[in-house]
Amino acid sequence: MAVANTSEQLKKFEEYITLYKDDVYRVALYFTKNKDDAEDLTQDAFIRAYTFFHRFRNDTNFKAWILKIMRNIYITQVKKKRPTTEHNDEQLVSSEISKNTENQVLDAMRTKEVQQAINKLPDEFREVIILCELEGHSYEDIAGIVGIPVGTVRSRLHRGRMILKERLLHKV
């Protein structure tokens, strides 16, 4: 098992933990919806990141890298627990909504009602909404974290926002 082996690497890794542990935990909590599971997932992600820290390039985004690791661990755990159904991204129906309506929905993002609606979204929409709207990642970072093309990120964000809008307007 390869690990970061110099004191300089260890110091840098500890700095990253200090900077990003709360962010990773917050996203893990959105994914797992359980504090204990989120803590375990966060710890697993940092252990895996430490194991492969020698592969991390300093010119890349550590937060995006650790979130991708965390997401991959989460997906592996979910697949072990239950069978999943895959959604074909090309089947997503795209429709236009006014920017004003979209902004109104996004402005309310931090309310309890909206958080509950986000938690009920299908995983592929929920994760991009969380990463973009709640964590502030760029489409490119999300594409890297989730492992999908930028166009798919846009499509999932749009579809996820439409589902949220519909559910919030009808309080479903």
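## Exercises on an all-helix chain

Helix H7 is followed by Gly-147, which has a positive phi, near 80°. Keep in mind that this is a predicted model, where local features need pLDDT of at least 70, side-chain atom pairs count only at pLDDT 80 or more, and totals for chains, interfaces and linings use all residues. Residues are numbered from 1 along each chain as its sequence is written, and side-chain values use heavy atoms, with hydrogens and water left out.

**Exercise 1.** Work out how many helices and strands the protein chain has.

*Solution.* Start with what counts: helices (H or I, at least four residues) and strands (E, at least two) are DSSP runs, numbered from the N terminus. With that rule, you get 8 helices and 0 strands. Read along the sequence, that gives α-α-α-α-α-α-α-α.

**Exercise 2.** Find which residues of H7 are buried, and on which side of the helix they sit.

*Solution.* Step one: buried means under 20% relative accessible area, exposed over 50%, and partly exposed in between (1.4 Å probe, protein chains only). Step two: go through H7, residues 139-146, and you'll find Ile-142, Ala-143, Ile-145 and Val-146 buried. Step three: they cover an arc of only 165° around the axis, so they lie on the same side of H7. That arc is taken from the directions from the helix axis to the C-beta atoms.

**Exercise 3.** Decide whether Arg-126 is buried or exposed, then list its contacts beyond its sequence neighbours.

*Solution.* First, locate Arg-126: it's in helix H6. Next, check its relative accessible area, which is 3%, so Arg-126 is buried. Now look for contacts (heavy atoms within 4.5 Å). Skipping neighbours within four places in sequence, Arg-126 touches Tyr-30, Phe-31, Lys-33, Tyr-74, Ile-118, Asn-119 and Leu-121. Take Phe-31: Arg-126 is 95 residues from it in sequence, yet 8.3 Å from it in space, C-alpha to C-alpha.

**Exercise 4.** Describe the lining of the second largest pocket.

*Solution.* Begin with the count: 14 residues line this pocket, and Thr-32, Asp-37, Tyr-74, Val-78 and Lys-81 lie nearest its centre. (On a 1 Å grid over the protein atoms alone, a pocket is an open set of points where a 1.4 Å probe fits, with protein on both sides within 12 Å along at least five of seven lines; lining residues have an atom within 4 Å of a point.) Then see where the lining comes from: helices H1 (7-32), H2 (35-51), H3 (62-81) and H6 (123-134) each supply at least two residues.
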